[in-house]
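Subject: Structure handover and findings

Dear colleague,

Please find the structure below, together with its sequence.

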Amino acid sequence: AELAKIKNQSEQWIANKTAEVKKKKELGEKYVNDLVVNAKKKTTEKALTEVAKIQLQGQEMIKTQKAAAEKHANEQYSKIKKEGDKWIESKTAQAKAASK
């Protein structure tokens with residue numbers, strides 16, 4: 001039961017982080033799109049170069065944030081899983097010792 005609770009908590013945490021990343025991605029894309037719309041209002045070659053730079057910066061920002069959140073989620077999941085595995089081993093050993 002304890003392991004299931006830990007597993008549920010870690011899955012919920014990962015789901016929350018995934019939702020957070022998705023929201024940041026959407027906000028980042030909206031920000032980039034708004035900047036692109038504003039930049040496109042200019043008609044000079046400089047404006048077109050600016051648009052390309054802004055799009056690249058936005059894409060990099062989204063990639064970086066997503067990677068960081070995924071890495072953090074994976075680290076937390078691994079940590080929780082290791083603790084759960086140790087707990088199972090401990091309880092299994094106790095049960096074996098008690099049954100002798």
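Of the 100 residues in the protein chain, 15% count as buried, and please keep in mind throughout that this is a predicted model. The accessible surface of the chain comes to about 8,000 Å², and 56% of that surface belongs to carbon and sulfur atoms.

As to the overall build, the protein chain has 2 helices and 0 strands. Its radius of gyration is 23 Å, well over the 13 Å that the globule rule gives for 100 residues, so the chain is more spread out than a compact globule. The extents of the C-alpha trace along its principal axes are about 85 × 15 × 5 Å. When contacts in the chain between residues at least 6 apart in sequence are considered, 73% of them join residues at least 24 apart.

Helix α1 covers residues 2-40, and its 39 residues should span 57 Å at 1.5 Å a residue; the C-alpha atoms at its ends are 56 Å apart, which agrees with that expectation. The buried residues in α1 are Ile 6, Ser 10, Val 21, Gly 28, Val 32, Val 36 and Ala 39. Ser 10, which lies in this helix, has a relative accessible area of 2%, and since buried means under 20%, Ser 10 is placed in that class. Leaving aside residues up to four places away in sequence, Ser 10 touches Tyr 77 and Ile 80.

Asn 16, found in helix α1, counts as partly exposed at 41% relative accessibility. Asn 16 and Ala 73 are 57 residues apart in sequence, while their C-alpha atoms are 9.6 Å apart in space. Tyr 31 also has its place in helix α1 and counts as partly exposed, at 48% relative accessibility. Between the C-alpha atoms of Tyr 31 and Ile 54 there is a separation of 9.8 Å, the two residues being 23 apart along the chain.

- In helix α1, Lys 17 and Glu 20 are 3 residues apart, about one turn of the helix, and they form a salt bridge in which the closest N and O atoms are 3.4 Å apart. Glu 20 is partly exposed, with a relative accessible area of 36%.
- In helix α2 (residues 45-99), Glu 70 and Lys 66 are 4 residues apart and therefore separated by about one helical turn, and their side chains meet in a salt bridge at 3.9 Å, N to O. Glu 70 counts as partly exposed at 40% relative accessibility, and Lys 66 likewise counts as partly exposed, at 37%.
- Also in helix α2, Asp 85 and Lys 81 lie 4 residues apart, about one turn of the helix, and form a salt bridge whose closest N and O atoms are 3.1 Å apart. Asp 85 counts as partly exposed at 31% relative accessibility, as does Lys 81 at 42%.

For the Glu 70 and Lys 66 pair, the 3.9 Å separation should be read against the cut-off, since a salt bridge requires the nitrogen to be within 4 Å of the carboxyl oxygen.

There is also a nonpolar patch on the surface, formed by Leu 3, Trp 87 and Ile 88, which together have about 220 Å² of accessible area. Leu 3 is found in helix α1 and is partly exposed, with a relative accessible area of 31%.

If you have the model open, Ser 10 with its contacts Tyr 77 and Ile 80 and the patch of Leu 3, Trp 87 and Ile 88 can both be located by residue number.

With kind regards

Conventions:
Residues are numbered from 1 along each chain as its sequence is written. This is a predicted model: local features need pLDDT of at least 70, side-chain atom pairs count only at pLDDT 80 or more; totals for chains, interfaces and linings use all residues. Side-chain values use heavy atoms; hydrogens and water are left out. The expected span of a helix is 1.5 Å times one less than its number of residues. Buried means under 20% relative accessible area, exposed over 50%, partly exposed in between (1.4 Å probe, protein chains only). Contact means heavy atoms within 4.5 Å. Patches are made of residues with over 30% relative accessible area and no salt bridge: like charges are joined within 9 Å, nonpolar side chains (Val, Leu, Ile, Met, Phe, Trp, Tyr) within 5 Å. Accessible areas come from the Shrake-Rupley method with a 1.4 Å probe; for residues, only the protein chains shown count as cover. The radius of gyration is taken over C-alpha atoms; the globule rule is 2.2 Å times the number of residues to the power 0.38.
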